[in-house]
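Student: Could you take me through one part of this model at close range? I would like to see how that part sits within the whole chain.

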Amino acid sequence: MSIEALFKPRSVAVVGASGKPGKIGYAIMKNLIEYGYEGKIYAVNVRGGEIEVSGRKFEVYKTILDVPDEVDMAVIVVPAKFVPQVVEECGKKGVKVLPIISSGFGELGEEGKKVEEQLVETAHKYGMRILGPNIFGVVYTPAKLNATFGPTDVLPGKLALVSQSGALGIALMGWTILEKVGLSALVSIGNKSDLDDADMLDYFENDENTGAILIYMEGVKGGRKFMETAKRVSMKKPIIIIKAGRSERGAKAAASHTGSLAGADSIYTAAFKQSGILRALTIGEAFDWARTLSNLPEPEGENVVILTNGGGIGVMATDAAEEEGLKLYDNLEDLKVFANHMPPFGSYKNPVDLTGMADAKAYEGAVRDALANPNMHAIAVLYCQTAVLDPRDLAKIVIEEYEASGKKKPLVVAIVGGIEAKEAIDMLNEKGIPAYPEPERAIKSLSALYKWHNWKMKHKKE
């Protein structure tokens, strides 16, 4: 039973569609239309009649069985007590996949779990798969599919995001827009009655639009299956997991929240390590790493070069590199090339200090030389905002030089400063060049790429 229809449906029905703003059945219709979904959209609601959403009129079918054409995906937004009947009707209709938005199932306890099991049984009888229940929907940017009641304007990119928590997932959707993190997919997985994290890894492993996978997880179903899948997928694509419920009390809270059992935290840590999974402790850290892991090529060697205009941020980046086990390239013969781009009192020892006088020309030459030298395998460009160079001009230089070089090496940027610095960081991130407001974050994110790469290389040999 393929889950292709979850990401590339040719037609979508919203069961519980509404013409009233403020209703979830309205928000999902609106997002499908406004995000530009090109397949057919059908409105289904017991009331029948006609509705208008985002300037489009829809005939409302009383049941999915009344829809005249085939339906690949049915998004279910009716109260829990009506869901079993709707699932049965979807099966008869030949629907392939059912994202069930409705809540009131396994998260309520044993009774709800039983109903959930029956839903899955019905679905499998007809060859259907269920996503959820208790979710906010699914986004797949290459198909212009936004079947959620979250924000409309998700940025396309190479990161697939899977969230067990609904509210947090919606918030993260908004956060990715604000922070210019591009997504290939966003899946709310909820109670995992049928489709689970391992199924998502299976799909994204071979999805040409996905470069890295980020999962927010409270508990895992079928631990062994998940770890085996993760280990296989990690050989091709990096996986980052934010695993909540680290403390005893947090684990109890997680269990009551999505009805999942959290389990001892140390077991997760060990299992993640074996499977090549990178475990992030905060949302910020997870997305910082996701930028490098979903956008950058793997390094061809261990030599890192730091280019900076400020001794202070150079030292902070050096400390971070040492803590993370990154190797700063120290062949002075090679590094001497940077002397061409600095005043006599600059230092071409790594970290390369172009000095506070560094202008557009200095950075342009230094970045170009670093990208061209085969012995320099990864580059961190740091900049403290000064009156000499507008950060946005620096961003343009880095974008031009990196694109001209064919993007063959990992390159990260940190720009410390005010509003212009934030604009420059956004410009870079929109182009898929990981940029940060602090040097340590840039270095740690580069280190995440190295950690995954080194794990992969080690296991290739085994």
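Tutor: Happy to, and let us begin with the whole chain. For 462 residues, a compact globule would have a radius of gyration near 23 Å, and the 25 Å of this predicted model agrees with that. Along the principal axes, the C-alpha trace spans about 80 × 50 × 35 Å. The chain holds 16 helices and 20 strands, and 57% of its 462 residues count as buried. Of the contacts between residues at least 6 apart in sequence, 74% join residues at least 24 apart.

Now to the part itself. Ser 165 lies in the loop between β10 (156-163) and α5 (166-178). With a relative accessible area of 7%, Ser 165 is buried, because the cut-off for that is under 20%. Asn 191 is 26 residues away from Ser 165 along the chain, and the C-alpha atoms of these two residues are separated by 9.1 Å.

The cysteines Cys 90 and Cys 384 can be viewed in the same way. Cys 90 is buried, at 0% relative accessibility, whereas Cys 384 is partly exposed, with a relative accessible area of 25%. A disulfide is a covalent bond between the sulfur atoms of two cysteines. The structure holds 0 disulfides.

Finally, the surface and the charges. The chain exposes about 19200 Å², and carbon and sulfur atoms supply 53% of that area. There are 55 positive and 60 negative charges, and their mean positions are 4 Å apart.

Key:
Residues numbered from 1 in each chain as written. Predicted model: local features only at pLDDT ≥ 70, side-chain atom pairs only at ≥ 80, totals over all residues. Heavy atoms only, no water. Helix = DSSP H or I, 4+ residues; strand = E, 2+ residues; numbered from the N terminus. Buried < 20%, exposed > 50% of the residue type's maximum accessible area, 1.4 Å probe, protein only. Disulfide = S-S within 2.5 Å. Rg over C-alpha atoms; globule rule 2.2 N^0.38 Å. Contact = heavy atoms within 4.5 Å. Areas by Shrake-Rupley, 256 points an atom, 1.4 Å probe, with all protein chains shown as cover. Lys, Arg positive; Asp, Glu negative; His and termini not counted. Charge placed at Lys NZ, Arg CZ, Asp CG, Glu CD.
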